[in-house]
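Please examine the structure shown below. The paragraphs that follow lead through its strand pairing and then its pockets.

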Amino acid sequence: MQVLGAFNKFEQCVLNMSLINICDSESYVGQEMRRQYNAWKQATDETVYTPWLDVHQFTIYLPHPYQEYEDVTLEEGLTRGYNVEVKPVQEPSELFYNIHEGGHFVIVLKQKRVNGDFAIAATGIFVRSLGILSLDVIIDPDKGEYQSLVVKHPIIRDYPQDWETKLRMFLRGEIRGEELPRVVGYVDRGLNRDYRPPAWGEVYLAASSFTGF
C-alpha cells in the first residue's frame, strides 16, 4: 500500500473500515445516524424521511495502533465502527464546504500517541451514492498546505469508468446526487441482504489501495 500524506498504512485502513461502516445503514454508525435524525425531526415537528436527504457530519477518529480500551479491543471497536461519530448538520450554510444533497461533511481526527489527544488531520465530503470519501488532508497547517485524497470503498470493485469525472461534477454542483452511479447499494445491508461487511482484520490484511487526484 502506498503511504499518502499524513496517513500511514494503519490509518489508511482505519479510514477504509470507517467508510465501510458509514455506507452500511445497518451498522452501528447507520443505526446511530437514524436514531439522531429521528430525534431531531421529532423535536422540530418535521416530517421524518431518510436521514441521507439531510446533511450530516461524520467524525472519524484515527486511534494510535497501540491504544487500549477498557470494554472493547481496538480491533472490535474498529470493526463495529465505534471510532465514527455522526450527527445532523442543522445549519449547512455555516460549513466551509458547499455540500449538495447526497453529500455529507467529514472531519478526520488523528491520535499521535497512546492516550493522547486527537488533532484534526483532514476534512472533506462523503459522497453517499459512490461510497467515496473526498478529503483535504492537512500536510502543514501553518503554511496552509493540504493534499487531496479520495478513499474508495474497498469492497466495491466495479466503479464506473467515469466515476472521477462524475465525482468532480457533483462536488462542483454541476450534477445532482441522484445523477451519480448508485454503487453503494452493493455494500449496504439495508439494500443488499446478501452483503457481509468485513472485519477489521480482513481489511488490514487486504491493505486496500487509495487513489489520489
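**Strand pairing and pockets**

In this predicted model, G124 stands opposite L135 in β5. That pair belongs to an antiparallel arrangement in which β4 is joined to strand β5 (residues 132-140) by six bridges. The two strands form a hairpin with four residues between them, and G131 in the turn has a positive phi of about 60 degrees.

β4 also pairs with strand β3 (residues 103-111), again running antiparallel, through nine bridges. Here I107 faces T123 of β4. The hairpin of β3 and β4 has six residues between the strands, and among them N115 adopts a positive phi near 65 degrees. Strand β4 (residues 118-127) is largely enclosed by the rest of the structure, because seven of its ten residues are buried, that is, under 20% relative accessible area.

The largest pocket holds about 270 Å³ of space. Its lining comprises 13 residues, with S134, L135, D136, S148 and L171 lying nearest the centre. Two or more lining residues come from each of β4, β5, β6 (145-152) and α4 (163-171). By class, the lining of this largest pocket consists of seven nonpolar, four polar and two charged residues.

The second largest pocket has a volume of about 210 Å³. Among the residues that line it are T50, W52, L53, E101 and G102, along with R128, S129, G177, E178, L180 and R182. The lining of the second largest pocket divides into three nonpolar, four polar and four charged residues.

Definitions and conventions:
Residues numbered from 1 in each chain as written. Predicted model: local features only at pLDDT ≥ 70, side-chain atom pairs only at ≥ 80, totals over all residues. Heavy atoms only, no water. Buried < 20%, exposed > 50% of the residue type's maximum accessible area, 1.4 Å probe, protein only. Pairing = 2+ DSSP bridges. 1 Å grid on protein atoms, 1.4 Å probe; cavity = no way out; pocket = protein on both sides within 12 Å on 5 of 7 lines; lining within 4 Å. Points joined across faces, edges and corners; volume = space filled by probe spheres on them. Nonpolar A, V, L, I, M, F, W, Y, C, P; charged D, E, K, R; others polar.
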